[in-house]
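This report covers one protein chain.

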Amino acid sequence: MALAAMGISGLVAVWLFNTELPPPPSDVAANPVLVRGRGLYLTNCANCHGPLGHGDGALSRSISGPPPRDFREEWKYGAEPDNSLHIVRDGAPNSSMPAWKSAMTESDMKSVTAYLYYLAEKPIPDTLR
C-alpha cells in the first residue's frame, strides 16, 4: 500500500513540476533552507499531509492505517529535531509514512524537517538550519 501511495505521489509530483507553484510567503522566501524545504515538501509530502500540513492531502483519504500527521497538532513522536528528522529519514512504524533516506540527501531531509516546523508554527531548531 505504501508503495502504491509513493507511486501515486510520484505521478502527482510530475504534475506539480508541470505547473507553476505559487511564490512562497515572504518569511519563507527570506530563508534559503525554508525555500528548499518548501519545494521538497510540496513535491514529496503535500500529497498526503496537504499543502499547509493539515493532514488533508489529495491521497490522505486513501491511506490505510493512521491518517497523515496534521503538523498543527501534537507530534506523536515528539517535536525534538532528532525525532522529527528520524521520522522523515526512516519513516513511521505501523503507518504509511515512507522512509525518505534513499530519495533525499541529509541536507534535503533537514530542509524538509525545518519546513515542517514552519508549518507547525514552531521555532525552527538551529540544528536544522
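## Basis

Contact means heavy atoms within 4.5 Å. The model is predicted, so local features need pLDDT of at least 70 and side-chain atom pairs count only at pLDDT 80 or more, while totals for chains, interfaces and linings use all residues. Residues are numbered from 1 along each chain as its sequence is written, and side-chain values use heavy atoms, with hydrogens and water left out.

## Fold

The chain has 6 helices and 0 strands. Its pattern along the sequence is α-α-α-α-α-α. Helices (H or I, at least four residues) and strands (E, at least two) are DSSP runs, numbered from the N terminus.

The chain has 129 residues, and 42% of them count as buried. Buried means under 20% relative accessible area, exposed over 50%, and partly exposed in between (1.4 Å probe, protein chains only). Among contacts with a separation of 6 or more, 46% join residues 24 or more positions apart.

## Helices α3 and α6

Helix α3 spans residues 32-44 and packs on α6 at an angle of about 90 degrees, with the axes 7 Å apart. Therefore α3 is roughly perpendicular to α6, a class that covers 65 to 115 degrees. Axes are lines fitted to C-alpha atoms, for helices over the stretch in contact, and angles run from 0 to 180 degrees between N-to-C directions.

From α3, the residues in contact include V33, L34, R36 and L40. Their partners in α6 include D108, V112, Y115 and L119. The residues of this contact divide into 10 nonpolar, 2 polar and 3 charged. Here Ala, Val, Leu, Ile, Met, Phe, Trp, Tyr, Cys and Pro count as nonpolar, Asp, Glu, Lys and Arg as charged, and the others, Gly among them, as polar.

## D108

D108 lies in α6, residues 106-119. Is D108 buried or exposed? D108 is buried, at 12% relative accessible area. Leaving aside neighbours within four places in sequence, D108 is in contact with R36 and L40.

## R129

R129 sits in the segment after α6. At 53% relative accessibility, R129 is exposed. R129 and P32 are 97 residues apart in sequence, yet 9.2 Å apart in space, C-alpha to C-alpha.

Beyond four places in sequence, R129 is in contact with N31, V33 and I124. A polar atom of the R129 side chain lies 3.3 Å from the backbone oxygen of I124.

Technical notes: A polar contact is a pair of N or O atoms within 3.5 Å; within protein, one must be able to donate a hydrogen and the other to accept it, and residues adjacent in sequence count only if both atoms are side-chain atoms. Angles under 35 degrees count as roughly parallel, over 145 as roughly antiparallel, 65 to 115 as roughly perpendicular and the rest as oblique.
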